[in-house]
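Take a moment with the sequence and the model below. Then follow the chain piece by piece.

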Amino acid sequence: MVQRLHLVFGGELIDPSRNAFKDVEDIHIVGMFPDYASAYNAWKAEAQRTVDNAHMRYFIAHLHRLRDEETEASSTEELG
């Protein structure tokens, strides 16, 4: 079974019109989710919680898109 992992994270941006974080040490990792629907719900809750701060942004990263599951993994990627 293929997993479609999603990461929800956010933080304060330098400028609300760009996607550069003010302090990468202060990025809020909401969590990893097994599907888009649960990631979206977590993203929405955090976005609504911080709606009064125009510089706060939360994002959903589609981790499953970072990998090509058809390509064999490198020797340093899978140890064991």
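Which residue in β3 is the bridge partner of Val8? The answer is Ile60. Keep in mind that this is a predicted model.

That one bridge belongs to a longer row. Seven bridges join β1 to β3, and the two strands run antiparallel. Look at His6 for an example: Phe33 in β2 stands opposite His6. β1 is mostly covered, with six of its seven residues buried.

Now turn to the helix. α1 runs through residues 36-49, which makes 14 residues. How far apart are its end C-alpha atoms? They are 20 Å apart.

The start of α1 has a cap. Asp35 caps the N-terminal end. One of its side-chain oxygens lies 3.3 Å from the backbone nitrogen of Ala37.

Which residues of α1 are buried? Ala39, Ala42 and Glu46 are. These three cover an arc of only 65° around the axis, so they sit on the same side of α1. On the other side, Asn41 and Gln48 are exposed. What do the buried residues pack against? They pack against three strands: β1 (6-12), β2 (28-33) and β3 (56-62).

Leaving out residues up to four places away in sequence, Glu46 touches His28, Val30 and Tyr58. Its side chain also has a polar partner. A contact of 2.7 Å joins the side chains of Glu46 and Arg49.

Next come the aromatic rings. How many aromatic pairs are there? The count comes to five. One of them is formed by Phe9 and Phe21. Their centres are 6.2 Å apart, with 50° between the planes, and the pair is tilted. This pair links distant parts of the chain. Phe9 is in strand β1, while Phe21 is in the loop between β1 and β2, 12 residues apart. Are these two residues buried or exposed? Both Phe9 and Phe21 are buried.

Another pair is made by Tyr40 and Trp43. Their ring centres are 5.4 Å apart and their planes meet at 35°, so this pair is tilted. Tyr40 and Trp43 are three residues apart in helix α1, so about one helical turn separates them. Their accessibility can be read against two limits: under 20% is buried and over 50% is exposed. Tyr40 has a relative accessible area of 33%, so it counts as partly exposed. Trp43 has 26%, so it is partly exposed too.

Return to Phe9 to finish. Ring pairs link Phe9, Phe21 and Phe59 into a cluster.

Technical notes: Residues are numbered from 1 along each chain as its sequence is written. This is a predicted model: local features need pLDDT of at least 70, side-chain atom pairs count only at pLDDT 80 or more; totals for chains, interfaces and linings use all residues. Side-chain values use heavy atoms; hydrogens and water are left out. Helices (H or I, at least four residues) and strands (E, at least two) are DSSP runs, numbered from the N terminus. The expected span of a helix is 1.5 Å times one less than its number of residues. Buried means under 20% relative accessible area, exposed over 50%, partly exposed in between (1.4 Å probe, protein chains only). The arc is that of the directions from the helix axis to the C-beta atoms. Contact means heavy atoms within 4.5 Å. A polar contact is a pair of N or O atoms within 3.5 Å; within protein, one must be able to donate a hydrogen and the other to accept it, and residues adjacent in sequence count only if both atoms are side-chain atoms. Rings of Phe, Tyr and Trp (its six-membered ring) pair if their centres lie within 6.5 Å; planes under 30 degrees apart count as stacked, over 60 as edge-to-face and the rest as tilted. Two strands pair if DSSP finds at least two bridges between them.
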